[in-house]
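Have a look at it first, then read on.

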Amino acid sequence: MTSTQTPDTPPVPPASPAPPPGAGDRRRWFALAIVMTAAFMDLVDVTIVNIAIPSIQADEGASVSQIQWITAGYALAFAAGLITGGRLGDIHGRKRVFLVGIGGFTLASALCGLAAGPEMLVAARILQGAMAALMVPQVLSIVHATFPAHERGKVFGLFGAIVGLGAVSGPLLGALLTEWNLFGLEWRPIFLINLPVGIAGLVLGSRFITESRAPRALRLDLVGVALVTLGMLMLVYPLTRGEELGWPLWGYASMAGSLVVLAVLVAYERRKSARDGSPLVELSLFRVKSFAAGIAVQTVFGVALGIFFLVWTLYMQVGLGWTPLRAGLTGVPFSIAVSVAAGVSVQVLVPRFGRKVLQAGALVMAAGVLLYIWESAHYGLGIASWQMALPLAVMGVGMGLIVAPLTDAVLSQVPREHAGAASGLINTVQQMGNALGLGLVSVVFFGAMGDHLDPARLGPAYADAFRNALGWVAAVLAVIFLLMFALPRRPAQHVEGAAAGEEPAAEAAEAADTEPALA
């Protein structure tokens with residue numbers, strides 16, 4: 001981002017926002033509760049769906065590609081709209097766009113809960129991801145506009161606690177709602193629970209959130225969004241359908257064509273940057289070595305997580321025949337380990353050891369994956385939840401060492417004027433990596449199983465495919481370890497150009513997504 005950017009057409013008056021409420025104004029705390037509840041709702045919705053996937057598959061008769069698109073469709077729509085969602089808030093008002101987003105998210109949740117078939121559910125999930133892309137980027141922007149600088153540290157600390165709570169509670173809530181089968185609705189309450197929360201957020205948000213806009217908002221880049229979306233669809237769709245369709249020639253042509261679309265995107269973004277300084281992707285950022293490497297790490301890490309969480313759920317509930325509640329409770333050691341390690345990583349380890357902490361995280365997580373592979377083979381279908389606790393805890397520690405400090409490491413050498421664009425891009429590529437990983441499940445998991453399995457072979461086939469998929473995850477983590485050598489040895493405390501004692505740039509807070517890597 002540069003200081004010469006102009007608002008989108010038609011121009012928005014720069015002096016629209018009111019000053020932040022005073023210290024005695026309690027309305028700002030109501031506003032904080034509303035936007036954090038919305039962020040919590042989005043995070044829980046991502047994690048809650050994974051645990052219910054086998055139940056959805058059994059109840060709706062969804063195909064392999066459809067269960068992948070229930071999660072990948074959300075991630076792809078969310079990724080494609082993140083940067084544009086932030087810019088719409090800057091142009092038209094963060095409060096207004098937030099309310100549109102939470103209203104649309106609530107409507108999409110109702111459509112998911114009332115879906116008449118897997119096709120409708122996939123479409124509703126894509127709509128839900130698009131609405132989250134409007135809602136989520138406004139959260140930090142509203143906090144920045146609502147609270148004075150001296151209160152923001154406390155607010156962001158509270159937000160971190162909410163994110164941690166969402167990561168732990170999502171799978172358990174999904175398991176309970178699925179297990180209870182409320183009113184005979186089976187898995188549907190995992191979506192319908194959003195309705196009262198979303199309606200309350202819509203009503204209270206319209207009353208308590210203060211409107212704000214950016215004085216110089218970037219123009220929209222809808223062509224860039226279209227090219228990114230098209231390129232990802234051309235890559236992910238053949239991956240999800242390839243196994244079912246016998247890998248037709250058009251699938252390979254589509255995947256090759258996605259590289260052509262990427263090249264067109266790069267050329268277009270260069271021209272748009274020179275023309276009006278508001279590209280979707282700020283290509284100059286990739287000249288910063290640590291940022292380019294960090295983007296690669298975020299993307300590849302998203303791939304690993306996309307593969308792991310889906311195949312893990314299918315392994316426990318379909319392969320081992322566990323109930324959703326047992327599967328959800330089995331994941332508790334993982335969630336707790338991530339939360340604890342993330343806090344220790346940021347506060348104690350990274351200031352002392354720098355980049356080595358992130359690299360240790362990749363190796364520790366890979367060790368947990370390898371231990372999980374060994375235990376799955378050793379104990380077979382008789383493996384117990386408590387026997388999974390050790391590899392899951394080791395994996396959680398490794399992930400916690402990575403996720404918390406990674407963004408700071410990636411941004412540490414980025415010039416301050418580009419901090420907002422870089423933050424938005426980091427979260428976008430992570431979500432795209434997640435969507436790609438979910439697409440690859442057809443290759444590394446379902447591709448390892450034979451067709452038309454006899455019921456007696458179903459459990460062993462799922463266990464074998466699970467171990468095969470985890471082998472790929474371990475290999476991806478090894479690649480991440482090597483990519484991390486390009487990150488700075490010690491992340492700087494402030495991005496380039498910051499003076500001592502300066503406030504962090506508003507742009508960074510406004511453009512940053514609040515979705516954690518665990519999602």
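Here are my points, going from the whole chain down to single residues.

1. Before anything else, keep in mind that this is a predicted model.

2. A few figures for the chain as a whole. Of its 519 residues, 57% are buried. The chain exposes about 20,200 Å², and carbon and sulfur atoms supply 68% of that area. Take the contacts between residues at least 6 apart in sequence: 85% of them join residues at least 24 apart.

3. Now for the inside. The largest nonpolar core holds 109 residues. F291, F308, Y315, Y372, M388, F445 and F446 are the ones with the most contacts inside this core. Helix 11, which spans residues 289-319, gives the core its largest share, with 16 residues. There is also a second, separate core of 31 residues, and L99, M135, V139 and I142 are among its members.

4. Next, a helix pair: helix 2 (residues 64-92) and helix 9 (residues 222-245). Their axes are 10 Å apart, and the two pack at an angle of about 165°. The cut-off for roughly antiparallel is over 145 degrees, and helix 2 and helix 9 are therefore roughly antiparallel to each other. The crossing of helix 2 past helix 9 is right-handed. From helix 2, the residues that meet helix 9 are V64, S65, Q68, W69, L76, A80 and T84. On the helix 9 side, they meet L222, V225, T229, M232, L233, V236, Y237, T240, R241 and E244.

5. Helix 11 turns up again in a second pair, this time with helix 15 (residues 385-411). The axes of these two come within 11 Å and cross at roughly 155°, which makes helix 11 roughly antiparallel to helix 15. Here helix 11 passes helix 15 in a left-handed crossing. Residues of helix 11 that take part include F291, F308, W312 and Y315, and among those they meet in helix 15 are M388, L392, M395 and M399. F291, F308, Y315 and M388 were also in the list of residues with the most contacts inside the largest core.

6. Stay in helix 11 for a moment and find I307. Is I307 buried or exposed? Its relative accessibility is 3%, so I307 counts as buried.

7. Last stop: V476, in helix 17 (residues 455-483). V476 has 15% relative accessibility and therefore counts as buried, given that the cut-off is under 20%. Leaving out residues up to four places away in sequence, V476 touches V300 and A304. Look at A366 too: V476 and A366 are 110 residues apart in sequence and 8.8 Å apart in space, C-alpha to C-alpha.

Notes. Residues are numbered from 1 along each chain as its sequence is written. This is a predicted model: local features need pLDDT of at least 70, side-chain atom pairs count only at pLDDT 80 or more; totals for chains, interfaces and linings use all residues. Side-chain values use heavy atoms; hydrogens and water are left out. A nonpolar core is a set of buried Ala, Val, Leu, Ile, Met, Phe, Trp, Tyr and Cys residues joined through side-chain atoms within 4.5 Å. Buried means under 20% relative accessible area, exposed over 50%, partly exposed in between (1.4 Å probe, protein chains only). Helices (H or I, at least four residues) and strands (E, at least two) are DSSP runs, numbered from the N terminus. Contact means heavy atoms within 4.5 Å. Accessible areas come from the Shrake-Rupley method with a 1.4 Å probe; for residues, only the protein chains shown count as cover. Axes are lines fitted to C-alpha atoms, for helices over the stretch in contact, and angles run from 0 to 180 degrees between N-to-C directions. Angles under 35 degrees count as roughly parallel, over 145 as roughly antiparallel, 65 to 115 as roughly perpendicular and the rest as oblique. A crossing is left-handed if the near helix is turned anticlockwise from the far one by less than a right angle, and right-handed if clockwise.
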